[in-house]
Amino acid sequence: MLVCACSSHQPWSSTIPTLTMFPKCTTMDHVNQIHARMVTTGFIKNTSLTTKLVLTFISSPHDPLVEFARYVFFKHHAFRVPHWQDDPFLWNAVIRSYSHGCDPKGALVLFILMLENGVCLDKYSFSLVLKACSKVGLMKEGMQVHGLLCKTNFGSDVFLQNCLIGLFARCGCVELAQQLFDRMPDHDAVSYNSMIDGYVKFGMVERARKLFDGIRPEERNLITWNSMIGGYVRSEEGLKCAWSLFVTMPERDSVSWNTMIDGCAKHGKMEDARALFVEMPERDLVSWVTMIDGYAKSGDVCAARHLFDEMPRRDVISCNSMMAGYVQNGYCIEALKLFHDMRRATNMSPDDTTLLIVVTAIAQLGHVEDGVVIHRYLMDKGYSLSGKLGVALIDMYSKCGSIENAISVFENIEAKHVDHWNAVIGGLAIHGMGEMAFEFLTEMERHSIVPDDITFIGVLSACRHAGMLKEGLICFELMQKVYKLEPKVQHYGCMVDMLGRAGHVEEAKTLIEEMPIEPNDVIWKTLLSACQIYENYSIGEPVAQQLTQLNSCSPSFYVLLSNIYASLGMWDSVKRVRTEMKEKQLKKIPGCSWIELGGIVHQFSVQDRTHPHVSEIYSLLSSL
């Protein structure tokens, strides 16, 4: 609570007590107290005082203060009759709160209001609105500002020209940025860095290098060198050039070292990354996380964990990296253990990324009880399910076998977007609930949600599992003719499987032949399986023979061809195919399935007799 005391030297009518309250204000209650005082004293009409209030509050880290400053500005300053000598300083301060905040478009609105009200503009006004346009990719509006800038007497200012180059480059208009750069009479380090950064971001590394080589050595700074190195490390071929620059650069900072370490790690050169990491004079959290992530992605989880344990200080990001590494490599239980360690730590709180990783781990394990616990945790902590967390939760329940909970989560989300619909439709597909998945597709239209290609993969998958050929054909036509979506290989795979399951082997083969994209192994295997089931060997045999001639042929094709020959009683051909498999050292990975019972996951493979209760299981199966 704010308390304002007035002495005999500072009467109620004095503005000094009110001014002393400004720096102490942090909350909405404080704002209300100040507002009430200014209204009751009439100070709200004091332009000098309201100006000081706006300038004090507009740069505050506390949102209620910023919002109140904007309110006072719009209420008492924005619409008053301007004087031609008015300084735009106050306007710029408010515009900056938008351009550097969460609502950059607001800066453009306020800039337009300045023009409409006849408030004079200065260089800072233009730089702020150009920054806002750059931040959210408003290329059209940025070009309009550029046109207005050309009409002013500071249109050729190097600082503003650099802002324009940054805008064009960030929006992908690198050629426009180049034209502007070429027309500039003078360049500074920012001009060169903006162009190099633009080239690098859009893969034009050679053009960036040409510009880099044209800069005098004394004009290159750390940003210039780091941008070039960052461009080269994007490709494995460019890594050698990055090394060359790194070795020759006059000085290095943590960005230089981390960029090189990240480049080596991303291309699987962990020994080089480790050497850099060891040599690095001062490591920061980015260095440690990059190494942990690199080891995890290369499959060396033990090395990643060893580094994680060595860290002098850990934060949420480093824990997330280690947990993600565990999940990527199938160590989901270890990921959950680390999550529980995080919760017990007093200096660390899980963030949205943490919880997404945890939910993914639970989905892979199939532990629905753990899923319920995390769901309750999300609700207790007030997390919103309108974003990725809601999608992950629906997916987790579906994969854990609890489609009822998945639908319940979906129905309780108020602001649903297409990803939520895709998750629940995908869950229904997993559970073979084709009719319900098809109903959800029609429901999307009633809610004005436009389905995407993932939606149709889910619906088509549901239709094929449920044997709904008619509905599947409708969906396939709907996505192309109504929603103008080009089918991908996954869509064709669903259609081939659907036709094959229904016995329409000829139609499935025709669809494959008419595909505008190259069919993958899965599609061919699907067709061959249908041929075997429906004994259509006239199609199956020549297709299988053709596929076994390919160098990249999967062992599954040999197995299917062998089975076709066996069905035809062609035992010499069966022997030939099996011999060829042995010569090429091809082995088919046996299929497996698992079930959770009493919190324990039981896994079963083809001809597997290693389960401790195998005798009872086979005895029960034989009695069915």
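What are the helix and strand contents over residues 253–287, and how many Å apart are the end C-alpha atoms? In this predicted model, the segment is 74% helix and 0% strand, with its end C-alpha atoms 12 Å apart. Helices are DSSP runs of H or I of at least four residues, strands are runs of E of at least two, and both are numbered from the N terminus. Residues are numbered from 1 along each chain as its sequence is written. As the model is predicted, local features need pLDDT of at least 70 and side-chain atom pairs pLDDT 80 or more, while totals for chains, interfaces and linings use all residues, and side-chain values use heavy atoms, without hydrogens and water.

Residues 87–121 are 66% helix and 0% strand. Their end C-alpha atoms lie 9 Å apart.

The protein as a whole has 35 helices and two strands. Its radius of gyration is 32 Å, well over the 25 Å given by the globule rule for 624 residues, so the protein is more spread out than a compact globule. The radius is taken over C-alpha atoms, and the rule is 2.2 Å times the number of residues to the power 0.38. Along the principal axes, the C-alpha atoms fill a box of roughly 110 × 60 × 55 Å. Contacts (heavy atoms within 4.5 Å) were examined between residues at least 6 apart in sequence; 55% of these join residues at least 24 apart.

Buried residues make up 45% of the 624 residues. Buried means under 20% relative accessible area, exposed over 50%, and partly exposed in between, with a 1.4 Å probe and protein chains only. The protein exposes about 33,200 Å², of which carbon and sulfur atoms supply 54%. Accessible areas come from the Shrake-Rupley method with a 1.4 Å probe; for residues, only the protein chains shown count as cover.

The whole structure holds 20 salt bridges. Each places a side-chain nitrogen of Lys or Arg within 4 Å of a carboxyl oxygen of Asp or Glu. One of them joins Asp157 and Lys123 at 3.3 Å, N to O. This pair links distant parts of the chain, 34 residues apart. Asp157 sits in the loop between helix 8 (139–150) and helix 9 (158–170), and Lys123 in helix 7 (residues 123–136). Asp157 is buried because its relative accessibility is 18%. Lys123, at 38%, is partly exposed.

Asp497 and Arg501 pair within helix 29 (residues 489–501), four residues or about one turn apart. Their closest N and O atoms are 3.1 Å apart. Asp497 is buried at 11%, whereas Arg501 is partly exposed at 43%.

Arg216 meets Glu219 at 2.5 Å, N to O. Arg216, Glu218 and Glu219 are linked in a salt-bridge network. Arg216 is partly exposed at 48%, and Glu219 is partly exposed at 28%.

Tyr618, Leu620, Leu621 and Leu624 form a nonpolar surface patch with about 470 Å² of accessible area together. Patch residues have over 30% relative accessible area and no salt bridge; like charges are joined within 9 Å, and nonpolar side chains (Val, Leu, Ile, Met, Phe, Trp, Tyr) within 5 Å. Tyr618 belongs to helix 35 (residues 614–623). Tyr618 is partly exposed, at 35% relative accessibility.
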